[in-house]
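Subject: Structure handover and findings

Dear colleague,

Please find below the structure I am handing over to you. My findings follow directly after it.

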Amino acid sequence: MRSKYALRFLALGYLALLLGIPVALVFVNAFQDGVGAAWAAVTTPEAQHAFYLTLVMVAVAVPLNTIFGVLCALAVVRQRFRGRALLNALVDLPFAVSPVVVGLAMLLVYGRRDGWVGDWFADQGIQIIFSTPGMILATMFVSLPFVVREVIPVLREIGTEQEQAAATLGAGSLQTFFRVTLPAIRWGVAYGVVLTTARALGEFGAVSIVSGKLSGQTETATLFVENRFQRFDETGAYAASVVLALLALVTLLAMNLIKPKEAQG
Amino acid sequence: MSIVVDSVSKRFGEFVALDDVSLEVRDGSLTALLGPSGGGKSTLLRVIAGLETPDSGRVDIAGEDATEKPPQRRNVGFVFQHYAAFKHMTVAKNVAFGLTIRKRPKEEIEARVDELLKLVHLDGFAHRYPSQLSGGQRQRMALARALAVQPRVLLLDEPFGALDATVRKELRAWLRRLHDEVHVTTVFVTHDQEEAMEVAEQIVVLNEGRIEQVGSPKALYEQPANDFVMGFVGPVSELSGRWIRPHDVEILREPTDGTEEAMIDRIVHLGFEVRVELTLGDGEKTWVQTTKGHAQELELTDGEIVWLRPNEPADQPSDEPVPA
């Protein structure tokens, strides 16, 4: 019996020290000068633009990575082809490579002067580095694996019999996907979407490098927090952090709300 | 002919699943594909359904070449061992699936689903989810789903294999009756010879990717084409160096022409059936199946010496073999 409580104490204590107390302190510090000051700090034009930009990253990166993630998982689980193992391994690359390195790599590819294809894009009038497209690409890169990793085990578990049954009943491959496969993997997809959203909201390193950090132009919420912090604007930094934390919390809650009872636990 | 399989071969890597298999299934018949696991019976069924593509050979369904057709366009009903229920749909939606895909009017779908749920004794379960059904109920739902689209042939892959013994027996009898009602050409896979004998009109014995014999249950039992079929479709015991059905051996108190001496090791009483285990003069073990009454008449006891005589049923003319 005693070991049972010790285990709980260990798990909860670990979480409290690492996560609970620091996050709680962020909330406390955000409101140290009152709610009014915190509100004012996150409603300046720079702050509003930073949150807007972060939401743009999420709005583009999450749907694209969700579609790609499901297709990629289908290819890895349902098909047999040369390079399947390589694809499966490559998907994990963003987990393995530091976001800073990702940012630098992107400069080498899309940079204007010495980038691999930067010149070509510049000739078309598209600026990638130090502008929104580059930041979106960086966000997509770092948040790529989540949907794939959540969907692959679910696809393996449901097997192919339901899909084959649908085929013998006359369903084409698109009908089978939308009527049978997608509903069967929907909780895997939903969880992947939540993790992707959280990662996209919090991305700092790669975006920091490709953005150029122009306040009010290429500054996302995380970059705004760093900017405020370095200018000794503690209230601004902590208040913006609270907004970021709340956004992530809303995402988690949203999933729990749409998830029916049968799929929980 | 409802299904014609012509010289079909299929390999999985080095493993030969089907080796030049040809088979004809009569319209409206009930056929069992019987054999040990790995014998090719499920592969043959899946080739007929279009779920596997044969390496060579041809499959005709209802007089049309179906070899190149995808499963969607073969109009076959397929029932899987593990039900393959659509877990996120109610029983009614599961059964309606094929009709919904075919964009039939809503009233027609509802009427047909009602009718089918009655047929499989699941009326009242329409709004449940598969997870709320027992294994036997799920399999009946899967059957209704397959029948909903009025398939030209119904294919069942070990349909009762995942169910417990009692339910399995019940569903066997029920499938037999269902077939008498709907008359759809039906082929089912089983590794259980009793199941095949009880349900099917025609049995196809498959082993190592080849067909060993095709015939009625009676023909297979009484005139097996070879030792494999003999051993697979019923009990065998060995006497004078050859295989014989253990109920075709007579136990005698005195030696006569063509008898062999044996000592009784053990008498097993199984109710009506009595199994006598013996050792022959050359030290070989054998066994004889007899009835309770007969064993009492002979007053058999352990350790006694008796004489065994094979009865010859094999030369009797049997019924017409069921045409394939």
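In this predicted model, helix H2 (residues 35-42) of chain A packs against H14(A) at an angle of about 80°, and the two axes are 8 Å apart. That angle makes H2(A) roughly perpendicular to H14(A). On the H2(A) side the contact is made by A:Ala37, A:Ala38, A:Ala41 and A:Val42, and on the H14(A) side by A:Thr235, A:Gly236, A:Ala239, A:Ala240 and A:Val243. By class, the residues of this contact divide into seven nonpolar, two polar and no charged.

H14(A), residues 234-258, also has a part in covering another helix of chain A. The buried residues of helix H13 (residues 221-230) of chain A are A:Ala221, A:Thr222, A:Leu223, A:Phe224, A:Val225 and A:Arg228. What covers them includes, besides H14, helix H3 (45-78), H11 and helix H12 (205-211) of chain A. H13(A) is followed by A:Phe232, whose phi is positive, near 60°.

Chain A meets chain B through 14 residues of chain A and 19 residues of chain B. On the chain A side, helix H10 (161-168) and helix H11 (173-202) each supply at least two residues. H10(A) gives the most to this side, with six residues. The side of chain A that touches chain B has seven nonpolar, six polar and one charged residues.

I turn now to chain B. Chain B has nine helices and 17 strands, and its C-alpha atoms fill a box of roughly 80 × 45 × 35 Å along the principal axes. Of the 324 residues in chain B, 40% are buried. Among the contacts in chain B with a separation of 6 or more, 63% are accounted for by residues 24 or more positions apart.

Strand S1 (residues 3-12) and strand S2 (residues 15-25) of chain B pair in the antiparallel sense over seven bridges. These two strands form a hairpin with two residues between them, and B:Gly13 in the turn has a positive phi of about 65°. Within the pairing, B:Val5 has B:Leu23 of S2(B) as its bridge partner.

An open sheet of six strands in chain B runs in the order S6-S7-S8-S3-S9-S10, with mixed pairing. Strand S6 (76-79) and strand S10 (210-215) of chain B each have a single partner strand, so they stand at the edges and one side of each is left without a neighbour in the sheet. From one strand to the next, the twist averages 15°.

Setting aside residues up to four places away in sequence, B:Ile48 touches B:Ile3, B:Val5, B:Val59, B:Leu155 and B:Val187.

B:Val47 is found in helix H1 (residues 41-49) of chain B. Because 25 C-beta neighbours lie inside 10 Å, B:Val47 counts as buried. Apart from residues up to four places away in sequence, B:Val47 touches B:Val8, B:Lys10, B:Leu18, B:Glu52, B:Pro54 and B:Val59. B:Val47 and B:Val59 are twelve residues apart in sequence, and their C-alpha atoms are 8.0 Å apart in space. B:Val59 is also among the residues that B:Ile48 touches.

With kind regards

Technical notes. Residues are numbered from 1 along each chain as its sequence is written. Chains are lettered from A and ligands numbered from 1 in the order in which they are written. This is a predicted model: local features need pLDDT of at least 70, side-chain atom pairs count only at pLDDT 80 or more; totals for chains, interfaces and linings use all residues. Two residues are in contact if their C-beta atoms, placed from the backbone, lie within 7 Å. Helices (H or I, at least four residues) and strands (E, at least two) are DSSP runs, numbered from the N terminus. Ala, Val, Leu, Ile, Met, Phe, Trp, Tyr, Cys and Pro count as nonpolar, Asp, Glu, Lys and Arg as charged, and the others, Gly among them, as polar. A residue is buried if 20 or more other C-beta atoms lie within 10 Å of its own, exposed if 12 or fewer, and partly exposed in between; C-beta atoms are placed from the backbone. Two strands pair if DSSP finds at least two bridges between them. Axes are lines fitted to C-alpha atoms, for helices over the stretch in contact, and angles run from 0 to 180 degrees between N-to-C directions. Angles under 35 degrees count as roughly parallel, over 145 as roughly antiparallel, 65 to 115 as roughly perpendicular and the rest as oblique.
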